[in-house]
Amino acid sequence: MPFTPNRDFAADPRLIVAADGMYYTSDDGRQILDATAGLWCVNAGHNDPLIVEAVQRQVATLDYAPHFNFGTPQAFELSARLAGMFPEGLDHVFYTNSGSESVDTALKIALHYHRMRGNGARTRLIGRERGYHGTGFGGISVGGIVNNRRHFGTLLNGVDHLRHTHDPARNAFSRGCPEHGVELAEDLERLCALHDPSTIAAVIVEPMAGSTGVLLPPKGYLARLREICDRHGILLIFDEVITGYGRLGKMTAAEYFGVTPDIIATAKGLTNGVVPMGAVAVSREIYASAMERADTPIELFHGYTYSAHPLAVAAALATLESYRANEMFARVEALAPKWENALHELRGRPHVADIRNLGLVGAIELESRPGAPGARGWQAMKLAWEEGLMIRVTGDIIALSPPFIITEAQIDGLFDRLADILDRLD
């Protein structure tokens, strides 16, 4: 089982048999409030009728078609729709099947872009400490989570990492983006001086680092990264696998922060988790570099058997329509203050070291037990399941990211139960 203590699970399984709206159903018939949107992906809630019906129609019409030398009208329809939703200028899309594939695709496109422009020396990739960019070799190379890397050899060559932005000494219990830390973006200048900026192809960051424990960018940090990248001719990639499609109340974190990267990698919320799919949006300039400078008939030697799979495309189109018809991004924006206040009311509960929030995302960082890091978070996850809550933990950090359909009453109920769980932690 992925990212799971398999032996522990075998002794104490948590089995899910159905889902609807805000709730999973366990194998013993209990209703489990989904406080994590599955794995950050079920933004529109479970069993959304628009999406279910679209996928059912599609599988009965066209189950599969290849996109090597062939195409489907719906894939181009989806591309046009996404081009109108991503930031201005990011209007070409490459389809993948997951966030991991989207990241590797974004990295390859960045390298390809520089090669097509005669800058073949730009091969270095810069990630960030504590970054999570999926589990492909590209993603774990630019990623900065030690346990995701330590068993898998030397990884990609020519990769370095910025310092992470987590600074609890100055920023604990921030509401929204922290005040302190914009200067951490200057770490990119240090790496430019160390490696020579003419060797650096791209910098990849999560605008909000999710899987590592909800680490928020300091105010001004992303804009400063953009300025440094522009000065040195480096591409800026945003990994928006978590933040894309409304999680912060806007289509993308790029829109939320007012900072436009050169490439955005997405997945998860694109199809509401119903069918695996990812999409990588690139700038017109990057697309043109492939189309106009290619020295072979195939402009980009890259792709997947299931790129733009008809069922995934149908799910994506219906998901975007559900977001639009139900005004879900605006709903997130409206719920965010309520979410923030309810979350921060947990301050002062036993073992709570920090609380962080942005949009419909929250994190509760717990004090670690001496000599047993992660044990307290693991206990919280198991207690939550017993109390009818699905939460996500990273070490001793509880991460929360509910479907956008959550109500104010459900927010109150969620945090009432979490308060009780925190009070019971050893």
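## Second largest pocket

In the residue classes used here, Ala, Val, Leu, Ile, Met, Phe, Trp, Tyr, Cys and Pro count as nonpolar, Asp, Glu, Lys and Arg as charged, and the others, Gly among them, as polar. On this basis, the lining of the second largest pocket in this predicted model comprises 19 nonpolar, ten polar and two charged residues.

The space in this pocket amounts to about 1100 Å³. Of its 31 lining residues, His-67, Val-93, Phe-94, Leu-300 and His-302 lie nearest the centre. At least two lining residues come from each of α4 (73-83), β4 (92-96), α5 (99-116), β10 (278-282) and α11 (284-293). The most are given by α11, which supplies five.

## Cavities

Two cavities of 30 Å³ or more are found in the whole structure. The largest has a volume of about 110 Å³ and a lining of 13 residues, with His-166, Asn-171, Pro-178, Leu-216 and Arg-356 nearest its centre. Both α7 (168-171) and β11 (352-358) supply at least two residues of this lining, which divides into five nonpolar, five polar and three charged residues.

The second largest cavity holds about 40 Å³ of space. Among the residues lining this cavity are Tyr-132, His-133, Asn-148 and Arg-149. By class, its lining has three nonpolar, seven polar and one charged residue.

## Nonpolar surface patch

Phe-137, Phe-152 and Leu-156 make a nonpolar surface patch of about 300 Å². Leu-156 is placed in the loop between α6 (137-142) and β6 (159-162). This residue counts as partly exposed because its relative accessibility is 38%, a value between the cut-offs of 20% for buried and 50% for exposed.

How values were computed: Residues are numbered from 1 along each chain as its sequence is written. This is a predicted model: local features need pLDDT of at least 70, side-chain atom pairs count only at pLDDT 80 or more; totals for chains, interfaces and linings use all residues. Side-chain values use heavy atoms; hydrogens and water are left out. On a 1 Å grid over the protein atoms alone, a cavity is a set of points where a 1.4 Å probe fits but cannot get out, and a pocket is an open set with protein on both sides within 12 Å along at least five of seven lines; lining residues have an atom within 4 Å of a point. Grid points are joined across faces, edges and corners, and a volume is the space filled by probe spheres set on the points. Helices (H or I, at least four residues) and strands (E, at least two) are DSSP runs, numbered from the N terminus. Patches are made of residues with over 30% relative accessible area and no salt bridge: like charges are joined within 9 Å, nonpolar side chains (Val, Leu, Ile, Met, Phe, Trp, Tyr) within 5 Å. Accessible areas come from the Shrake-Rupley method with a 1.4 Å probe; for residues, only the protein chains shown count as cover. A salt bridge is a side-chain nitrogen of Lys or Arg within 4 Å of a carboxyl oxygen of Asp or Glu. Buried means under 20% relative accessible area, exposed over 50%, partly exposed in between (1.4 Å probe, protein chains only).
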